[in-house]
Amino acid sequence: MRLAKVGVLIDEATVRRWHSVGRNAFELYIKEILEHAGMPYERLTSMQQLRANDWDILIASVVPESADAADRLWSFAEAGGTIISYGGLGALAKRLGCGQQLPIGAGYARVSELGEVPVPLRFLSAQSWSGASPGRGELHVSSPGGENGGSLLRSISVGRGIIHRWSVDIPSTVVQLQQGAGPVLQDGIPCPDGTADIDEGILKADDGVTLHWAWDRERTATGMPYYAYPQADYWREVLLSHLVRCALEAGCTLPFVDYWPEGTERVAVISFDSDFNLDETAMTTLDVLNELKASSTWCMIEPGYSDEVYQRVKAEGHELALHYNALEKEDGIWSAEEFTRQRKWAEAATGTSGLTSNKNHYTRYEGWGELFRWCEANGIQTDQTRGPTKRGNVGFLFGTCHPYFPVAWLDEQNRRYDVLELGFLTQDLNHPSLSDTSVIVPFLERVAEAQGVAHFLFHQIHIHRLEPVRQALREVITEARQRGYTFWTSKQVNDWTRARRSIRIVGLDEDNQVQVERGAATEQVVVWVPLSQAEAVPEEKLSYRYGVPCRKHIH
């Protein structure tokens, strides 16, 4: 068994051309998907770097639509290479015996034969190919039961190799589910059933949701509506499962780093927003947390608490963070200068040098990347702003429960921001105007399956004044613990994620032991090595990841 050589082709000249004519290159997000998965790859920056036998698998992410590029790709596959494309390769369609179908808008893909995903997955655009060879998966226009829009994946043999062409640009789909289809410039469209009136004249994160009110929500036994599935995470799962299987079919393996260190099975985060800033509400909340022995993150808004509260928060192991206020009706200002002023205030008030985390008050948000630029400029390494504000849009409204590094708009060349986004699922359960505790178990179950972070938001004022909300906090922590969750602060998630990203899988030795460069990681690191069915010894204790048996290695 040997380590798969995976190359990601991003032709820089093509990217520059796209940007010059106003086209985003969200295809670049394949790098974030692979790095978050902990899978090794190398980047090719031009077609001239593509040579047969240098790579087992080539992900053709950004490729010129030219005859020369088509010839180079064809030769690579013909010599035995595997090529994967997400929505591209139009210049090769005829040569592969396929016809390009008209693009379709939003719809749903049935992917059950391509990954262990429980529901059809939403896409915002797709273009399928027709051809003599059978395709896999189905596209449906507009709704999960809509008109058939063609196959999702077509795999075509070329010489000794193979070309896999997906009809959906999966990396771009993940970006648009997580960050929206465009900048937030106006109120979002409210839910027709009245459960989420997001058009209240306040620009905020949930104005940019791209999931569908009807097709992507479910209801609990008590009638609470919620976005039920982390669809962006499922798209990643499908992409990575296919990639791992392609490696095994090529006679090699593609190891990857586990999402969490050895000994940590699942992670939950409790965060609090200090609205109203009454010391007695903080003390009540600290008493409950002390009773439950759970750490948390406290996002501070002006004018803040007394020093006595801050000292107790720090002494009891909680994190102090910023709660940036840009809400106009509270005289808030959306600007880089105001963000910096409030960050300086929070550090001085709390006696904390270098805050790690922020969450915007009322999830106030506008534009595309301004907030992330401000965080970068102020040393804020992680943000929690992307979450719901209404009863009817709780859950996985941005399609993910994983921390991720967001991508910029084309005005910044679609770079990745050095800010880890850690969205939340819901806030203040059992509050009269919000959701009840019937969503807790579905959320915990879905997050466990996706191996993400279960992030619940509360406010100290409601913990103090409302017994039902106080009981909801207890229920969240108790249920999570019973399901194997460990409570981390936002800073702990950030620090581990960044350390994990520094780990490098560099090879397999002759005994099939994984060779790893640990980077900044101080915890025990888990690496999974996918095996073919022939290599999976029945007597050996193996775990399934991405639908294939994997051997566990601890470093």
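**Sheets, helices and selected loop residues of a predicted model**

Asn 430 touches Ser 435, Asp 436, Thr 437, Pro 468, Val 469 and Ala 472, when residues up to four places away in sequence are not counted. The structure described here is a predicted model. Asn 430 is located in the loop that connects β21 (426-427) with α10 (440-450). With a relative accessible area of 25%, Asn 430 is classed as partly exposed, because that class covers values between 20% and 50%. The C-alpha atoms of Asn 430 and Leu 286 are 19 Å apart in space, and the two residues are separated by 144 residues in sequence.

The loop between β21 and α10 also holds Asp 428. The phi angle of Asp 428 is positive, at about 45°, although the residue is not a glycine. Asp 428 has a relative accessible area of 2% and is therefore buried, the limit for this class being under 20%. A positive phi in a residue other than glycine is also found at Asp 331, where the value is near 65°. Asp 331 belongs to the loop between β17 and α8. Its relative accessible area of 68% places Asp 331 among exposed residues, since exposed means over 50%.

A further loop residue, Glu 27, lies between α1 (12-20) and α2 (30-37). Glu 27 is buried, its relative accessible area being 9%. Apart from its neighbours within four places in sequence, Glu 27 is in contact with Trp 18, Ser 61, Val 62, Asp 169, Pro 171 and Ser 172.

Ile 84 is positioned opposite His 164 of β11. In general, strands of a sheet pair through backbone hydrogen bonds, in either a parallel or an antiparallel manner.

The other open sheet is formed by 4 strands in the order β14-β26-β28-β27, and its pairing is antiparallel. Here the edge strands are β14 (256-257) and β27 (543-545), each of which pairs on one side only. Strands β26 (residues 526-530) and β28 (residues 548-554) run antiparallel and are joined by 5 bridges. Pro 530 has Cys 550, in β28, as its bridge partner.

Among the helices, α5 (residues 231-249) comprises 19 residues. From its first C-alpha to its last, α5 reaches 27 Å, close to the 27 Å expected at 1.5 Å a residue. Helix α5 is mostly covered, with 16 of its 19 residues buried. Gly 251 follows α5 and has a positive phi, near 85°.

Helix α8 (residues 336-350) contains 15 residues and spans 21 Å between its first and last C-alpha atoms, close to the 21 Å expected at 1.5 Å a residue. The buried residues in α8 are Glu 338, Phe 339, Gln 342, Arg 343, Trp 345, Ala 346, Glu 347 and Thr 350. The elements against which the buried residues of α8 pack are β16 (297-300), α7 (307-315), β17 (319-322), β18 (357-358) and α9 (370-377). Just after α8, a positive phi of about 70° is adopted by Gly 351. The peptide bond joining Glu 302 and Pro 303 is cis, with omega of about 5°.

Terms used: Residues numbered from 1 in each chain as written. Predicted model: local features only at pLDDT ≥ 70, side-chain atom pairs only at ≥ 80, totals over all residues. Heavy atoms only, no water. Pairing = 2+ DSSP bridges. Helix = DSSP H or I, 4+ residues; strand = E, 2+ residues; numbered from the N terminus. Expected span 1.5 Å × (residues − 1). Buried < 20%, exposed > 50% of the residue type's maximum accessible area, 1.4 Å probe, protein only. Contact = heavy atoms within 4.5 Å.
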